[in-house]
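Student: I have a structure to look at and some terms to go with it. Please show it to me, and then I will ask what the terms rest on.

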Amino acid sequence: MHRYFALAALWASVACAFPALASSDYDSCMNNAQGDFDIAKCNNDEVSREMRKIQSRLSSIMTNKYFTQWNDQTLSSSQNFQTLLKQWIDYRNKYCSLYSYTFSQGIGTITDVQKSQCMLDLTNRFASNVEAIVKIYNDMAVTKR
Amino acid sequence: MSKSFSFCAVCFFCSLACNVFAQSAAYNYCIKDAAKVSDEAMAECMKAENSRLNKQIYSEYEKISKDSSFTNWNQGSGMFRGRLKNLYENWTNFKNEYCDLYVLSMTNYTGSPTYNRESCLMDMNLRQLIYISSVLRNYNSTPE
């Protein structure tokens, strides 16, 4: 039983660690931001950087046989993974649109700030989830070789 | 100013994201006994809790759809359809796909598939409930 708790603790710690992972580019951008427009741009740029990292981390397990077992069981197809990513991006974009709407009903620059902050938060959380999955699949590749 | 804003936003989201262990009393009671029995017994507790959470999440979506303040965002629809329904479906599909991936990874590692699946779904449901319930709460607390 204690193995479950150890895994759950690992999972929770990875999932909750996301705020500490902001890049130096992001910190620098935010330090120089003059207003809402700049803040939103910093957030959006960081989202783009995180998305590239997510793609890169997932690419690292694309040839892992345990991952391909889920991923339509072929090395060439990534149907399930692409579906998963698309569903998540659609969800994130719509949710953040709705979330930001609560602040100013789409009017004014605060909407863009709130939306970009929400996008960054959800992207960081997704990155943590992906990281946890990548770790598990990499561990499996080592222990079950 | 931008720093303090960022700090507040991070604190807010961290408090949302890390406050995911607020299950019902019935679940806590159930899992306490089931933990002494088996994975399957614990999975049953989580399944019941997930059913409760799914209803609560759906109810939050319905509340938003019925609130006239969101009709404009929801492409003019005052019912549970349009963008709001798409959002709900996107999230549901993502949750199922992601938990499939998670279950496979953990099945090769440890734990029963049912246990891992319900555990993953519960984590996703709790987080979704926090996120979606923040919509109306934020709206109602934002000054005119």
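This is a predicted model: local features need pLDDT of at least 70, side-chain atom pairs count only at pLDDT 80 or more; totals for chains, interfaces and linings use all residues.

Student: Why is A:Asn31 called exposed?

Tutor: A residue is exposed if 12 or fewer other C-beta atoms, placed from the backbone, lie within 10 Å of its own, buried if 20 or more do, and partly exposed in between. A:Asn31 has 11 other C-beta atoms within 10 Å, so A:Asn31 is exposed.

Student: Where in chain A is A:Asn31?

Tutor: A:Asn31 is in helix 2 (residues 24–32) of chain A. A helix is a DSSP run of H or I with at least four residues, and a strand is a run of E with at least two, numbered from the N terminus. Chain A has 6 helices and 0 strands.

Student: How much of chain A is buried?

Tutor: Of its 145 residues, 36% count as buried.

Student: What makes a nonpolar core?

Tutor: Such a core is a set of buried Ala, Val, Leu, Ile, Met, Phe, Trp, Tyr and Cys residues joined through C-beta atoms within 7 Å. The largest one has 52 residues, and among those touching the most other members are A:Tyr95 and B:Tyr102. Helix 4 of chain B gives the most to this core, with 11 residues.

Conventions: Residues are numbered from 1 along each chain as its sequence is written. Chains are lettered from A and ligands numbered from 1 in the order in which they are written.
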